[in-house]
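Hi,

Here is the structure I promised to pass on.

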Amino acid sequence: MADDDHIEALLAGLSRTQKLALVRGATDPEGTATGYLAGVEAAGIPPFRLVDGPLGIRAEGHRATAFPASIATAATFDSDLAHRQGAAMGREATALGQDVLLAPGVNIIRVPQCGRNFEYLSEDPVHAGAVGVGLIEGIQSEDVAATVKHFVANNQETHRTTVSAEVDERTLRELYLPPFRAAVDAGVGSVMTAYNRVNGTHMSDHERLVGDVLKGEWGFDGYVVSDWYGLESTVGAANAGLDVEMPGVAEATDDGTESYEWPDGIPDATHAGLFGAPLADAIESGEVPADRLDDMVRRVLGQMDRFGRLDGSPGASEDAGELDSQRHRDIAADVAARGTVLLDNDGVLPLDDGADVAVIGPNVDELKLGGGGSSETTPIHSVSPVEGIEARAEGAVVSAFGIPPIASVSLFDLLPFVGEDEAADDEETADREPSIDDAVEAAAAADVAVVFVRDATTEARDRESLALPGRQDELVSAVAAANENTVVVVRSGGPVELPWREDVAAVLEQWYPGQADGDAAAAVLYGDRDPSGRLPVTFAPESEYPTAGAERRYPGVDDQAHYDEGVFVGYRHFDDADVDPTYPFGHGHSYATFEYGDAEATAEQTVAVPVENVADRPGREVVQAYVRPPSVDGVDRPDRELAGFAAVQLDAGERRTVELSLDDLAFSRYDPASGWTVDTGTYTVEIGRSSRDVRTTVTVER
Ligand code: BGC
């Protein structure tokens, strides 16, 4: 029987009650899934388990490989590596009995303080789309459905459940929608709606964006799932095109959840069951057409069937079931090392094998797994910074904390029904009495001081500022004054301010490196691995971002955040405002040195450029192409837009011609009256090492 016939036959045999059970979450009897559909046993439809995502598998009660934060994966600018990570997560999802991964998150990084930037990919839509597609194709290659989230304009955590992103059509089309479009074109199995509203309408109920754009224009044929407790209404959502309510059941509490005050950023967990009896009633009364329910069920069954869940062979791939294998540990370490960005280096790095090293920082004995919230994972294998350096160093290693630990923050500690015992997890460090003097003494006696600093971010909260928390800036400055070979390794979920950067010898940005933390740090510090990460987000003083200083833009006034900057987000803004950022989008040094030859346009949408590694060591280069459009009267366009990129590994002395295919998006603009437009004229393709480091250009006519 053809797949469609099979699904139609199944559908025809289901009662309305059975159909309703396929569009509303229920309680997982095994307690592992984040979201659970019970299936219909009598009809041979098995249960369907959805699990978080996106830094690894968060199956309740189970450990799994803890991959680096998504922003680190994005910093590799390596879609093949993202694919390998996705495939590994797919295999682990299957090993833990899950069918769907609630990943990746592809929201554009608009607000530098956003608490979830670590779960997102980029300030640029072509980049976010390409890395997102790598992850999706990897996950789905292992017969697990991916869920791209959060559709759309979920760009801040402050007031995330109520705020309306007031954003014009051109900006939506050119900036915020494209990564989702790329996911749909790549065949993503499901799309999760965001908590926020867009231009006044909740995304769960957004008929134009969900029904018309996603399903209509883009032809998305998978299912649309709500964010958790993120369904606004029964009739509105059903008719807009939402297919599955999650988690579908209210949070169980001892004393009745109605009494809680839900803190900002936490959805009301009593708001559930809208696709249960209320949907049955709405169909009965004709407010929701009965064939809309059939369409919902068809979409869910379609994905179950596509990934082999209806023929009783979940995880049909021969590698299904792999968990915490050496291969997965290696992928986690590869992403962590390749995503590390060498922001500055006066030559101190890579370290000499025999150097005596002082490892300093308030949390040097702890991993930096990720940020807080639904993406938290618990690894089986882990290496702290001190352990990683001790294992690699041939010289002496001493360590000092310098200041009290920087506490992690988590959405789970903000929940009104979490007791104090559960919330306090930093007790074992409470009796430490670190001092900056001890750190300075250790630094002064060593050849090199390596200071590990971190921020603390979580879902449901934005950061208050881009400064590092606690006295970390003071600690770095004191250590730098005591040792001229001071290297700082930053762990942050997005941009941070580094006021001491000119006083230290080198700065590495390691994002949240996950379980491989110390190993990846040591591999890069000692030069076993080239730091080939590039910035997916501009680093600048907080006051220079387009959302700074205007409450109307961020966090919004009267629950409206006005995207007045339009498409001028990230490097598009810094170019337009003619402001030099601290570190531009795409920036990152290598231990090798690359020379670029002359670029050529080899086909309509392809350019080729010879790149040579002129150093005496291997290195990894990320070749980037940006398009500068011709000017058109009355149209304000970004100076340049990323069109394509490629990461290449080159041995010492190796020269290779790198081909880059250029995304249509960089040539087109969205005209609210006439739709996508490519202006006639000369486009300059800039090819180089970052958005501000152009090495060669070529022109193409359109
Ligand atoms: C998050 C989603 C997540 C879901 C399930 C929500 O709070 O926004 O990203 O997948 O919870 O945990």
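Let me start with helix H7, whose buried residues are Pro 178, Pro 179, Phe 180, Ala 183 and Val 184. Buried here means under 20% relative accessible area, with exposed being over 50% and partly exposed in between (1.4 Å probe, protein chains only). Helices and strands are DSSP runs numbered from the N terminus (H or I, at least four residues, for helices; E, at least two, for strands).

Before I go on: this is a predicted model, so local features need pLDDT of at least 70 and side-chain atom pairs count only at pLDDT 80 or more, while totals for chains, interfaces and linings use all residues. Residues are numbered from 1 along each chain as its sequence is written, and side-chain values use heavy atoms, with hydrogens and water left out.

Back to H7. Its buried residues pack against helix H5 (125-141), strand E4, helix H6 (169-176) and helix H8 (207-217), where contact means heavy atoms within 4.5 Å. After H7 comes Gly 187, with a positive phi near 85°.

The structure has 13 aromatic pairs; rings of Phe, Tyr and Trp (its six-membered ring) pair if their centres lie within 6.5 Å, and planes under 30 degrees apart count as stacked, over 60 as edge-to-face and the rest as tilted. One of the pairs is Phe 151 with Phe 180, edge-to-face at 5.2 Å centre to centre and 75° between the planes. Phe 151 sits in E4 (residues 145-151) and Phe 180 in H7 (residues 178-185), so this pair ties together parts that are 29 residues apart in sequence. Are these two buried or exposed? Phe 151 is buried at 0% relative accessibility, and Phe 180 is buried at 1%.

Tyr 670 and Trp 676 are edge-to-face too, because their ring centres are 5.2 Å apart and their planes are at 80°. Here Tyr 670 is buried, at 12% relative accessible area, whereas Trp 676 is partly exposed at 42%. There is also an aromatic cluster made of Phe 77, Tyr 571, Phe 585, Tyr 626 and Phe 645.

Two arginines sit over rings (CZ of Arg, or NZ of Lys, within 6 Å of the ring centre and within 35 degrees of the ring normal). Arg 110 is over the face of Tyr 563, 3.7 Å from the ring centre, and Arg 501 is over Tyr 583 at 5.1 Å.

On to helix packing: H16 (residues 436-445) and H17 (residues 472-482) pack at about 35°, with axes 8 Å apart. The axes are lines fitted to C-alpha atoms over the stretch in contact, and angles run from 0 to 180 degrees between N-to-C directions. H16 contributes Ile 436, Ala 439, Val 440, Ala 443 and Ala 444 to the contact, and H17 contributes Glu 474, Leu 475, Ala 478, Val 479 and Ala 482.

Finally, two single residues. Asp 334, in helix H12 (residues 326-338), is buried at 14% relative accessible area. Leaving aside neighbours within four places in sequence, Asp 334 touches Leu 81, Arg 84, Gly 339 and Arg 529. Ile 380 lies in the loop between strand E11 (357-360) and helix H13 (385-392) and is partly exposed, at 42%.

Cheers
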